[in-house]
Amino acid sequence: MSDPDDLPGLAHFREHMLFLGTVKYPHENGYTNYLSQSGGSSNASTYPLMTKYHFLVAPDKLEGALDRFTQFFIAPLFTPSATERESNAVNSEHEKNLSNNVWRIKQIQRHLAKCGHAYKKFGSGNKITLYDIPKSKNIDVRKELLSFHKKWYSANIMSLIDLS
């Protein structure tokens, strides 16, 4: 519900872009490769009020995984080259969800929300809202991603939980 009005789905898009390199670990698949080579995996989910990131890794590889993971929040790259590609990934996820009944019910709930309430926003985004429209309006999506990250990804409003 924190998406800017002119970029519906930006929080979800940011979730996708986050995994594509950091200043310290610039390779787009570096984190995923490290986890898979360490017997682990990761995923994330964006909800109206929060985004959850999680990973599993062998205990002896935890320090390396945590270092890579924390860099997402310290210095993500959000490379321009990945922007269009990831807008396509978000769009594919959106298209897949169109036939999901749980997702459809949530869309009806959003539609029925009070006018002007943030819950009414289109939360998942698609290529139209994250690439086509911003491009036509000369909105720099990467700049908006960096601004969104700076505003909403701060240690004082984040939590880290060890579920081991």
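Predicted model: local features only at pLDDT ≥ 70, side-chain atom pairs only at ≥ 80, totals over all residues.
**Lys-24 and Asp-67.** I started with this salt bridge, where the closest N and O atoms of Lys-24 and Asp-67 are 2.9 Å apart. Lys-24 sits in the loop between α1 and α2 (30-37) and Asp-67 in helix α3 (residues 62-74), so the pair ties together parts that are 43 residues apart in sequence. I checked accessibility too: Lys-24 is partly exposed at 47%, and Asp-67 is partly exposed at 23%.

**Asp-5 and Lys-121.** How many salt bridges does the structure hold? I count 4, and one of them joins Asp-5 to Lys-121, with the closest N and O atoms 3.5 Å apart. Asp-5 is in the segment before α1 and Lys-121 is in the loop between α5 (101-112) and α6, so parts 116 residues apart in sequence get tied together. Asp-5 is exposed at 68%, while Lys-121 is partly exposed at 22%.

**Asp-3.** Asp-3 turns out to be buried and without a salt bridge; Lys-121, the nearest side chain of opposite charge, is 6.4 Å away. A salt bridge needs the atoms within 4 Å, so that distance rules one out. What does the Asp-3 side chain reach? I found the backbone nitrogen of Gly-9 at 2.7 Å. I also listed what Asp-3 touches, including Pro-8, Phe-122 and Phe-148.

**Helix α6.** I looked up which residues of α6 (residues 127-136) are buried, and noted Lys-127, Thr-129, Leu-130, Tyr-131 and Pro-134. These buried residues pack against α1, α4 (80-97) and α7 (141-152). At the start of the helix, a side-chain oxygen of Asn-126 comes to within 3.0 Å of the backbone nitrogen of Ile-128. After α6 comes Asn-138, with a positive phi near 55 degrees.

**Tyr-47.** Last, I checked the surface: Tyr-47, Leu-49 and Met-50 make a nonpolar patch of about 340 Å². Tyr-47 is in the loop between β1 (41-46) and β2 (51-56), and at 39% relative accessibility I put it down as partly exposed.

Conventions. Residues numbered from 1 in each chain as written. Heavy atoms only, no water. Buried < 20%, exposed > 50% of the residue type's maximum accessible area, 1.4 Å probe, protein only. Lys, Arg positive; Asp, Glu negative; His and termini not counted. Polar contact = N/O pair within 3.5 Å; in protein donor to acceptor, adjacent residues only side chain to side chain. Contact = heavy atoms within 4.5 Å. Helix = DSSP H or I, 4+ residues; strand = E, 2+ residues; numbered from the N terminus. Patch = residues over 30% accessible without salt bridge, like charges linked within 9 Å, V, L, I, M, F, W, Y side chains within 5 Å. Areas by Shrake-Rupley, 256 points an atom, 1.4 Å probe, with all protein chains shown as cover. Lists of a residue's contacts leave out its neighbours within four places in sequence.
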